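Me: I would like to go through a structure with you. Could you show it to me first?

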2 protein chains.
Amino acid sequence: MTQSTELPPALPEGGLRVVALGGIGEVGRNMTVFEHAGRLLVVDCGVLFPEDDQPGVDLILPDFRAIEDRLDDIDAIVLTHGHEDHIGAVPFLLKLRPDVPVVGSRFTLALLAAKCKEHRQNPRLVEVREGQRQPFGPFELEFFAVNHSIPDALAVAIRTPAGLVLHTGDIKLDQLPLDGRLTDLAGFSRLGDEGVDLFLVDSTNAEVPGFVVPEREIGPVLENVIRKADQRVIVACFASHVHRVQQVLDVAVQYQRKVAFVGRSMVRNMGIASELGFLNVPDGLFVDLDEAMRMQEDEVLFVSTGSQGEPLSALSRMARGEHRQISIREGDTVILASSLIPGNENAVFNVVNGLAKLGATVVHQGNAKVHVSGHSPAGELLFLYNAVRPSNVMPVHGEWRHLRANAALAVATGVAEDHVVIAEDGVVVDLVDGKAAVSGRVVVGHVYVDGLSVGDVGESTLSDRLVLGEGGFISISVAIDTATGRAVAPPTISGRGFSDDPKALEGVVPLVEMELARTEAEGITDTHRVAQAVRRVVGRWVAETYRRRPMIVPTVIPV
Amino acid sequence: MTQSTELPPALPEGGLRVVALGGIGEVGRNMTVFEHAGRLLVVDCGVLFPEDDQPGVDLILPDFRAIEDRLDDIDAIVLTHGHEDHIGAVPFLLKLRPDVPVVGSRFTLALLAAKCKEHRQNPRLVEVREGQRQPFGPFELEFFAVNHSIPDALAVAIRTPAGLVLHTGDIKLDQLPLDGRLTDLAGFSRLGDEGVDLFLVDSTNAEVPGFVVPEREIGPVLENVIRKADQRVIVACFASHVHRVQQVLDVAVQYQRKVAFVGRSMVRNMGIASELGFLNVPDGLFVDLDEAMRMQEDEVLFVSTGSQGEPLSALSRMARGEHRQISIREGDTVILASSLIPGNENAVFNVVNGLAKLGATVVHQGNAKVHVSGHSPAGELLFLYNAVRPSNVMPVHGEWRHLRANAALAVATGVAEDHVVIAEDGVVVDLVDGKAAVSGRVVVGHVYVDGLSVGDVGESTLSDRLVLGEGGFISISVAIDTATGRAVAPPTISGRGFSDDPKALEGVVPLVEMELARTEAEGITDTHRVAQAVRRVVGRWVAETYRRRPMIVPTVIPV
């Protein structure tokens, strides 16, 4: 588990190199690059959603710098499933090389195609399915059915002369999946018999003991809640969770409610899912929102986005009483059939409180079993390790706490401790002669998307935003005569985000004037030096007077 | 459960009025004011810690405006226990009226006294204990032992001619408390026999089914972890959780480890607790930090603050490798024996990940039973309702979701639905002729403490901070000749928190210059109008070019 900060040496001939450009040491923006014989294979290319210390950022992309000079060497982008943290950054990579084949299952590619259409891209899609084997350059791929919180997920085995690699993607072992499509543990065992040289394993739930409850146990809980409802029912969940929605639809049918989808991504994804046969919908079940609003309250059920408290989502608008069509009334039932992603708690509970205040009965993960995770906890990971019996293990998809926990599980099943490689983003792992080891490190930073541009918002901008967000700023504008250094007008001083009191800054004006008199007396005409002097005076005054740290922004105009 | 936005009428003679100035509709800054016969009684006076949408704020106080003209009518401030959300704002109230008696148990008052000393206040303290009855003005108070996550907590009964009120404070029903001091359910039953007219009940855990696990079950879990540790052990928990710390000390004694406290509030509170006999410490157990650093790694245990991931705390510094004395090594053990307060998840998991990356084994609520809550869940609340059999109920201490859940529990035990009053902050509830009902509403806003000043940071400042924190700002400074409207120098344009690209704003310069030429040509000399014109041009350009919304800050200096 050593770490190097050096660039790796050339990959020994016949070896396989693995580098994550995102997704290890964090949950999101999964992207792993495999290299063999001068060619590259990319597995997943997702986005990460920003946290509190990345304000104003829309998305975070994997860092493509390590491969930007080698884009032509990429033989394929393989997508394990259709979640945003696995496919969301594909359009940004396709912008750099539009013709690279994008490989995935039917549902995954359908979601990707919809996304690419929004970016006005027309990618080369290569549909594959479980059981299939297909070469891309020197990489012989084999796909395995995997159960997760989205249909049609795949694990991928990668055969090269360097050895056999198995990448789980996101995985769990629900033994009673709604669609009957089990994770192919038998296939993994067969690979194990062949000999898996490197096993990349989903770490997300490695800290959680035990096993996941089957998805189908959510159905009876939903039924129990919806049965008792005599007014409107609104169910919020992830827009890609087809099996969750399926169970909602089944209960709706049972209680003679029509269903309306609310929220752009829900409407789009469920359209795709039902068109492709992943969602089983009786004729006439769906109504549009306008029609739903004209129906009796106990004859309709809404399936909505917004389960993570996103402020602009339909559900948040309802909770604030601002939704254009749906207003919550005392006695309505709202079910958040979803996880609570760490960091979203305040947003989600704001929504729950808003709904409760309006009189709705709110059912959520905290008071009913309306969600199960899509990732294998520790008990299931042990099954995976014992099926695969890998020579080397590399935990992926997780923060450090998850990676450590996953590594410990691998060791517990008999993997040699020095064959478990914890390699966060950018750490280069080479598989040579059957042994995986860290050989170096490439630079992997955060690539921020903010509005229309990618990459111009960086650490310096974010650090300024954090300062401004905590304390606002005080600006002081001065025009000086560059010949004499004399201020040609009184300084203009104002603050934003500093105080509601219009007189808050009055006390500093004479100090600034005195300082300007001093710089003039000393014959200082350099605008930069005058600005520094003003900044110092104002900064000291505000620290002493208020014990706060706003940004101090002096502007000295030479006239 | 109706709400009024009108000021309440005068309180009918012989009635009792109840208004929360904080703590209902939120978790924190608990403060309830009782009024009878022209006199006031305050129960608790705590602070609330800010959330994401209140950036830069240090503390939030209850809003004293409703009583600021009646400070002389206050007969006492009663403190149910010593947590910050119950005592933290007392110094701010004492500033307005220093001589009001502050009533509480021994430990509560000791913590308050330490706090007041920091504010250079010397309050009039009146120590009481369970079983005691004492009048303050027309309010005949009786105190009851209550079990919570801090020692020496009290519930308070308030007798006036209007009726008998019981306020639980924060409460749980641990039946095997570490100090043997049970919540006085028998006393509550006796009050119930007498007839409780209004019951104010802690709602914090009303959504959670069942019962809390006894605090003493944490001990064996800690023991199990610490037994296996052969290097340093660091336990983080709340600085006021004396019983949690007691169990840590007991395990330390068992495994021959000395104990060092880390963090100012931990050192202070545990000093008070051991001095007053609430913490049982064998002679020679404590060592100071310097001494601890000289000892063998397996001979010492640190008890630290920072269990909520506070960035400046000792534990956060250790996780970042920035603590002056303690550096975490591979194989160290860190236990977060604490709750995870919603909203703190990112901060806490950042600490856990930092520690995991450094190689520590991190034990926390998510992977071991190292915390139990201090608040009664639903099962225990039912016991309380059935013991007290109140005529009227008012859920307190909670967000809307908690209040609704608590109200439902009251109704389930037989309290008439129209005798359960959900009254958030500012809602006035009058108990008249044995019936509690909403009679109006007073204004209760958020009172922010930021640095040295109270109240000057308000909604407008916070809303500016949110804008600045999301998008930064672009400032444009122009000096114009007030006679002609001519710009006497090229405009100065710069951004902070907008882009890392130094050329990001180049494109707008010619547009601003064109606009200034236009305003000059139109003879506009008014600085405000010029500023507006500049703001419009820059705002439109940035929205079109970047699809972002920085604050646009034009300054026009007349020369």
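Me: By what turn and shift can chain B be laid on chain A?
Reply: This is a predicted model, in which local features need pLDDT of at least 70, side-chain atom pairs count only at pLDDT 80 or more, and totals for chains, interfaces and linings use all residues. Chain B can be laid on chain A by a turn of 180° and a shift of 0.0 Å along the axis, with an RMSD of 0.1 Å (least squares on the C-alpha atoms of residues with pLDDT of at least 70 in both). The two copies are thus related as by a two-fold rotation axis.

Me: And which residue of chain B comes closest to the rotation axis?
Reply: That is Gly469(B), with its C-alpha at 1.9 Å. Residues are numbered from 1 along each chain as its sequence is written, chains are lettered from A in the order in which they are written, and side-chain values use heavy atoms, with hydrogens and water left out.

Me: New topic: what domains does chain A have?
Reply: The assignment, from an automatic or database source, gives domain 1 (16-210 + 373-450), domain 2 (215-364) and domain 3 (459-558).

Me: How many residues of domain 1 of chain A are in contact with domain 3 of chain A?
Reply: Nine residues of domain 1 of chain A are in contact with four of domain 3 of chain A, where contact means heavy atoms within 4.5 Å.

Me: Which side chains meet in a salt bridge there?
Reply: Those of Asp450(A) and Arg465(A) do, at 2.7 Å, N to O (a side-chain nitrogen of Lys or Arg within 4 Å of a carboxyl oxygen of Asp or Glu). The count between domain 1 of chain A and domain 3 of chain A is one salt bridge.
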